[in-house]
Amino acid sequence: MRAGEAGRALLLLAVLAGLLLPWLTVAPNRLLPGTATNGFSGLGWAAAAALAALALAVPRRVPAWLGAAAGLGGVALLLVATGWAAADSLEGLASAARAGLGGGFWLGLVAGAALVVARGAALPGPGRAALAAVALAALWLPWQAGSFESLSLVVEYRARQAAVHAALLRHLMLAGAALALALLLAVPLAWAGFRRPGAAGPVGATLGAVQVVPAIALFAALIPLLAGLLALLPALRGLGLGAIGPAPAVLATAGYLALPLWRSVLGGLAAADPAAVAAARAMGMTEGGITREVRLPLALPVFAGGLRVAVVQAIGLVTLGGLVGAGGLGALVFEGLSQFATDLMLLGALPIMALALAADALIRLLEHRLGASA
Amino acid sequence: MMALLLAAGLALVALLPGWFGGFPPGRLLGLAASHAGLALAGVVPAALLGLALGVLVTRPSGRALRPAADALAAAAQAVPPVVAVALAVPAFGFGWGPTILALLLYGIMPVLRATVAALEAVPPEARLAALALGYTPAGALREVELPLAWPLVLDGLRVALVLAVATAAVGALAGAATLGTPIVLGLQNQNQLLVLQGAAATAALAFAAEGLLLALAGYGAGRGRRSSASPASSDGTAQSRKP
Amino acid sequence: MIAFENVSVSFDATEALSCVNLQVAEGVLCALVGPSGSGKSTLMKLVNRLVEPSAGRVLVRGADVAGQDPARLRRSIGYVMQSTGLFPHRTVAANIGTVPRLLGWDSSRIATRVADLLELVQLDPDLAQRLPGALSGGQAQRVGLARALAADPDILLMDEPFGAVDPITRRDLRAELRRIHAGTGKTILLVTHDPEEALELASQVVVLRDGAVVADGAPAALVAEDAPEFARTLLGGGQPGLRRLSLLPAEVARDACPAPADAPALPEGATLADALSRMAETGRDVLALGKGSLRLEAVLARGR
Amino acid sequence: MIAFENVSVSFDATEALSCVNLQVAEGVLCALVGPSGSGKSTLMKLVNRLVEPSAGRVLVRGADVAGQDPARLRRSIGYVMQSTGLFPHRTVAANIGTVPRLLGWDSSRIATRVADLLELVQLDPDLAQRLPGALSGGQAQRVGLARALAADPDILLMDEPFGAVDPITRRDLRAELRRIHAGTGKTILLVTHDPEEALELASQVVVLRDGAVVADGAPAALVAEDAPEFARTLLGGGQPGLRRLSLLPAEVARDACPAPADAPALPEGATLADALSRMAETGRDVLALGKGSLRLEAVLARGR
Amino acid sequence: QAARPVVVSSKIDTEGALLGNLILVALERASIPTEARLSLGPTRIVRTALVAGEIDLYPEYTGNGAFFFQQPEAPAWRNGDTAYEAVARLDREANRLIWLARAPANNTWAIAVRGDVARAENLATMEDFGRAAGAGKLRLAASAEFVESPAALGSFERTYGFSFPRDRIVVLPGGDTAVTMRAAAQGISGVNAAMVYGTDGAISALSLVVMQDSKGAQIVYEPAPVVRQAVLEAHPGIRAALAPVFASLTLEKLQQLNARVAVEGQAAAAVARAHFASLG
Ligand SMILES: Nc1ncnc2c1ncn2[C@@H]1O[C@H](COP(=O)(O)OP(=O)(O)OP(=O)(O)O)[C@@H](O)[C@H]1O
Ligand SMILES: Nc1ncnc2c1ncn2[C@@H]1O[C@H](COP(=O)(O)OP(=O)(O)OP(=O)(O)O)[C@@H](O)[C@H]1O
Ligand SMILES: [Mg+2]
Ligand SMILES: [Mg+2]
């Protein structure tokens with residue numbers, strides 16, 4: 001499959017999504033399944049224009065910047081037109097009526113975005129930055145203009161705006177704390193395993209064993225464990241440790257993160273060019289010096305790879321904190337779950353995905369920098 | 001086979017309480033069978049998709065899709081399986097459907113990452129030699145790149161399988177008969193014993209699956225290299241356990 | 001057999017080859033020499049389409065390679081790399097049998113061929129079932145050579161085939177190659193860093209510099225006084241006179257008159273440089289060569 | 001300066017060295033040659049305790065190394081590896097300054113030293129801030145050499161330092177090393193695969209085979225007719241007579257009588273082999289050498 | 001102790017959020033300092049937290065005492081007054097927890113059927129349901145607890161003399177009524193009957209019809225604030241502040257308020273504030 005064909009496949013996916021799957025659904029309230037309209041009949045001329053713009057992004061003859069810009073325009077137009085169509089479809093209905101986004105919309109959005117990313121990847125650094133800025137503007141302007149206010153997802157957001165913001169912040173803090181704790185655990189263990197390869201096996205097995213415990217069970221099992229611990233050592237309460245809330249969430253998440261981090265640190269330490277290590281030794285560096293000055297710096301790129309996995313996992317796993325009173329976006333998700341309200345679940349889940357993607361991109365950038373300097 | 005020993009031990013932990021008022025062993029075994037089937041049904045498409053994507057984005061023609069594929073896999077990994085299950089129920093009904101979707105989303109990233117890393121680790125000389133000898137690109141992939149990448153890919157598959165077995169427990173929330181059933185029941189009724197039984201049984205199943213996968217892979221590798229006198233065709237566990 | 005017509009190759013920013021014109025006739029062993037990065041490997045890879053020209057044409061057996069199926073073309077051309085490029089997951093026998101298998105030979109024919117090739121490159125048949133990881137450098141190079149020869153291609157490309165082995169093994173492999181070339185009459189393109197190797201093995205030497213052919217001719221011509229300065233320095237190694245002598249068989253200076261009875265004898269196949277060395281060792285100015293003799297003045301006269 | 005007394009080294013099953021006795025005097029450049037796996041690297045690593053003897057003693061500057069702190073010992077001995085072993089994450093300047101930094105020099109002194117060393121190994125000062133990845137093979141080798149010289153050690157260990165570079169660069173680096181050795185009078189242990197290099201650079205050549213010293217002496221002695229057969233074959237390369245001539249400066253055969261006016265001149269510092277090459281090139285049997293002359297018979301007579 | 005704010009919590013479901021917010025508003029108006037830890041988790045977590053002293057107060061259902069004290073068969077739980085008295089006594093003695101005045105709304109287990117099915121089959125009470133159960137026209141979505149606990153489906157079956165074919169039940173181990181109701185309303189996997197709670201707001205919005213439990217087969221679940229005795233002593237005003245609020249929550253009122261959150265998607269806090277304001 002040539003690059004152009006990949007693009008064509010994505011375009012086809014977007015078209016099929018629009019043709020065959022529900023794009024917008026209109027329901028009398030947020031619980032009932034709505035009646036679906038497909039993308040093209042709902043969006044009218046805008047759908048045709050958006051698809052034309054996306055189609056311009058496909059051929060490889062078109063320069064990358066133009067292709068990316070056209071694709072971006074197409075995606076933005078799809079979004080805005082969907083917002084307008086939602087407003088139209090709610091005209092004259094009761095206030096509880098909702099316009100939800102269907103599977104076709106999401107699939108079309110993903111296909112369109114993938115097309116833009118694929119074209120944008122060919123741009124030089126500043127070009128990519130500009131593309132990202134334009135993409136943000138293309139979302140921000142219609143958001144400010146209220147184009148999306150009729151979408152059920154936005155209605156849910158408006159109903160609990162402050163809570164969503166607080167949850168986002170808290171989610172980040174929880175994930176950060178879990179990551180920090182996991183690092184505190186994994187780095188020394190990896191170091192020990194590197195110095196004494198015999199120790200690596202059992203440590204790996206232990207950390208691996210955590211992975212096989214179902215997450216819901218681990219999160220919940222930590223509560224009685226912590227409660228017992230606190231009953232034995234009430235002083236810990238003074239440190240802000242509680243059986244409910246952030247403590248079990250952070251602990252359980254850290255437990256899952258320890259393995260990828262441990263692996264990447266260990267792998268990174270072992271990855272140092274043996275010639276460089278031999279040279280360091282031959283020049284009279286002590287073992288500690290060799291580690292500090294040669295192994296660790298050379299391990300950083302490998303380590304960044306493991307960190308990326310761990311960060312994405314942290315952001316995903318901390319969601320279960322919503323079950324143990326830790327708050328965060330997980331609380332929104334589980335509130336949505338308890339009402340079986342799809343849009344409320346999405347309101348929690350979409351920012352989680354966005355956070356994960358942002359963190360992934362950020363660390364990738366860091367990795368790139370490290371890779372370039374090493 | 002340490003994994004299989006562990007599995008046996010954990011299975012005992014899971015089953016024993018059944019005779020002292022815990023979850024009945026017969027039902028637990030039934031759930032385990034269904035759990036295993038569900039995990040397999042989720043991990044097989046995830047593995048195939050992850051492999052296919054990994055191969056695609058390492059081809060010269062698919063390289064442009066690499067960032068998009070990475071981002072998609074990361075996003076998929078970030079969706080908590082519980083959420084994926086809940087979102088999928090209206091479309092797929094109760095039972096296996098939504099769970100398989102969640103497992104699929106969760107399993108792609110490890111396989112994709114491992115496949116990409118493994119294919120990139122194939123010595124460039126071997127790849128060049130394959131082309132220079134007159135392999136078609138597909139032939140070089142099939143006969144040179146994939147066999148050389150296999151140990152690392154297998155590692156990714158192992159991770160995906162273990163994750164799938166552990167994660168399939170959430171299927172209980174969608175009404176699928178899995179080892180998550182005693183866990184969720186125990187959580188609701190504050191019965192720690194049920195939670196322990198479910199968790200131990202799940203872990204046992206995960207270890208057993210890992211052991212079986214490695215045994216199968218070791219068998220395959222052993223057959224492929226049976227005739228070789230080299231020490232390279234060693235026990236798969238030792239190799240893939242290395243970080 | 002192989003012709004480059006106005007060929008240029010660009011990689012992104014760098015121009016690896018510019019306007020190369022070159023003919024290599026059938027049965028010739030042509031050595032490509034030049035500093036690192038001068039484009040030797042690139043030139044060689046044009047022949048089996050591992051690299052595509054950005055301008056110009058490459059003709060193999062009279063036909064433009066651009067129109068040929070790459071996989072088919074490559075199966076018809078042997079290729080030996082410096083780093084051997086053996087498949088680490090396949091046994092020696094399977095490595096050697098790769099191209100025959102791609103060509104669809106039946107397995108008994110492949111087995112026979114593998115056994116023949118192991119003999120040809122003087123490897124113990126017991127090695128056939130080893131994996132490449134368990135071979136020494138020299139053994140691996142021989143396997144690489146055998147693999148390239150497997151389907152009996154009429155063209156052989158060799159990219160620094162002896163770069164990674166120690167000088168003793170290297171001398172053996174060089175002799176091997178000479179023997180195989182003499183025995184099969186294949187057209188061989190050989191990249192080497194070693195001027196001595198180029199002069200000793202090749203009947204045509206091509207000197208590359210910064211992507212251009214700066215000299216192309218018989219070895220002796222390239223170390224002659226009128227050869228391009230760069231080629232002379234590269235190949236002559238500071239003693240172009242001796243280098244020339246080392247290119248000439250002793251016979252060319254033979255004198256029909258028999259040598260004195262006590263004159264040291266020169267073995268068959270020796271070069272004029274060998275003769276000079278022997279004279280220095282023995283302190284004599286006449287050697288016996290076959291039925292005739294070889295005199296110091298006659299030897300020196302050939303160095304011009 | 002360096003002495004091995006009945007040294008043996010075993011790794012698990014293999015005996016890498018057995019009963020080696022060897023002295024290297026102060027200021028000597030000693031070349032270690034031998035086939036792959038013969039124990040050259042192992043012998044060298046004994047000196048800075050990268051390898052410990054399983055029997056026998058290693059003396060450096062008169063003291064047994066076994067009693068010395070490895071890190072201190074190593075800082076006092078320069079070490080250059082074939083694969084350079086440069087730190088890929090550090091600039092050229094930081095790489096060169098490693099040992100001075102370990103020794104606690106202040107940064108301005110290190111900076112001065114680095115600048116001096118870059119000049120010594122003839123590298124552009126602009127390279128100082130590059131990372132090793134951005135260097136050519138020859139440049140990287142020079143940086144490795146500069147790094148080993150940084151703290152002005154009186155002993156230098158060089159393990160195939162020029163293995164990975166092309167022959168033109170290699171010739172330059174060789175000249176560099178000769179110059180540095182002549183200028184500083186360091187004791188140098190040099191492992192090389194290249195017999196020519198060993199003969200050209202070293203004042204002492206040690207031939208190893210299967211972990212034992214099979215020959216040890218001045219270069220000329222090892223290609224003489226009475227030298228051990230193995231050493232002769234390894235070093236002589238089939239032309240021991242010419243090899244001997246290439247080890248002798250032209251002056252040894254000079255004739256005080258002036259040469260004819262039209263005789264070609266031989267440059268200062270040329271060897272007898274150079275003279276022979278020049279004679280072959282020009283077809284003359286007399287060359288002008290300084291105020292005197294050099295005759296063909298006199299040259300050949302020295303080949304014995 | 002007096003300076004420490006009262007940590008108010010609630011379960012992670014619609015009604016929990018609503019009741020928790022109501023409690024918060026009421027305490028705020030009574031100038032009692034509060035700290036909100038609403039939607040903390042499922043019953044087990046919130047209950048554990050209260051017993052452990054991590055939180056001070058949350059709304060719980062009287063009938064759950066049957067399970068907290070492991071006596072699901074005791075007849076006391078089947079009557080509103082006796083259930084309240086029993087749980088209040090047991091918790092005070094065992095855990096020093098005080099049950100404050102309860103709401104007159106029974107959030108008990110019930111079974112609801114799709115409106116069209118109910119009309120076609122003429123289903124209105126559990127007797128009707130029992131008759132239709134064996135006919136193979138109904139498929140029930142329910143939590144594992146509902147199906148397996150003798151006090152739930154078992155009690156219905158015993159009281160009304162029917163037995164629901166187990167192969168026609170979609171069992172959801174963690175199943176919430178939001179899911180079961182939606183399944184029935186939407187016909188997911190062929191479901192047309194659902195386990196529901198009496199006060200579920202979505203019942204009418206989803207066009208479901210609740211089968212009347214005319215014989216009182218179920219344990220009574222009336223919501224009431226439960227508070228730690230020490231905290232109540234420190235803030236005696238809590239009792240008076242909450243009593244009128246809970247008294248206002250009749251079954252219909254609670255259904256309405258729940259519907260505003262679950263069906264219309266208003267924030268629980270906003271709904272709670274509006275209701276509190278309407279009390280005057
Ligand atoms: N795939 C490639 N992409 C970009 N540049 C390349 C590529 N292959 C070769 N080059 C560049 O083309 C030039 C010629 O390279 P080539 O490998 O042909 O040199 P060479 O003579 O074989 O050198 P060496 O002796 O080091 O093998 C070099 O500048 C090299 O960096
Ligand atoms: N760390 C080690 N462990 C085990 N065996 C070793 C080790 N280092 C060297 N040997 C063995 O000792 C012998 C001598 O090795 P050494 O590296 O000294 O050879 P060498 O002469 O330097 O060879 P080369 O020219 O290939 O570098 C070889 O057989 C080698 O395999
Ligand atoms: Mg090359
Ligand atoms: Mg060595």
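I take a contact to mean heavy atoms within 4.5 Å. With that in hand, I went through this predicted model, and here are my notes.

**Chain pairs**

I started with which chains touch. Six pairs of chains do, and the pair with the most contacts is A and B.

Next I looked for pairs that stay apart. Chain A and chain C share no contact, and their closest C-alpha atoms are 14 Å from each other. Chain B and chain D do not touch either; there the nearest C-alpha atoms lie 16 Å apart.

**Chain C: fold and extent**

How far does the C-alpha trace of chain C span along its principal axes? I noted about 60 × 50 × 30 Å.

I also checked the radius of gyration. Chain C has 21 Å, which agrees with the value near 19 Å for a compact globule, because that is what 304 residues would give.

For contacts in chain C with a separation of 6 or more, I found that 63% join residues 24 or more positions apart.

What share of the 304 residues in chain C is buried? My entry reads 56%, with buried meaning under 20% relative accessible area.

The accessible surface of chain C came out at about 12,000 Å², and carbon and sulfur atoms hold 49% of that area.

Definitions and conventions: Residues numbered from 1 in each chain as written. Chains lettered and ligands numbered in written order. Predicted model: local features only at pLDDT ≥ 70, side-chain atom pairs only at ≥ 80, totals over all residues. Heavy atoms only, no water. Rg over C-alpha atoms; globule rule 2.2 N^0.38 Å. Buried < 20%, exposed > 50% of the residue type's maximum accessible area, 1.4 Å probe, protein only. Areas by Shrake-Rupley, 256 points an atom, 1.4 Å probe, with all protein chains shown as cover.
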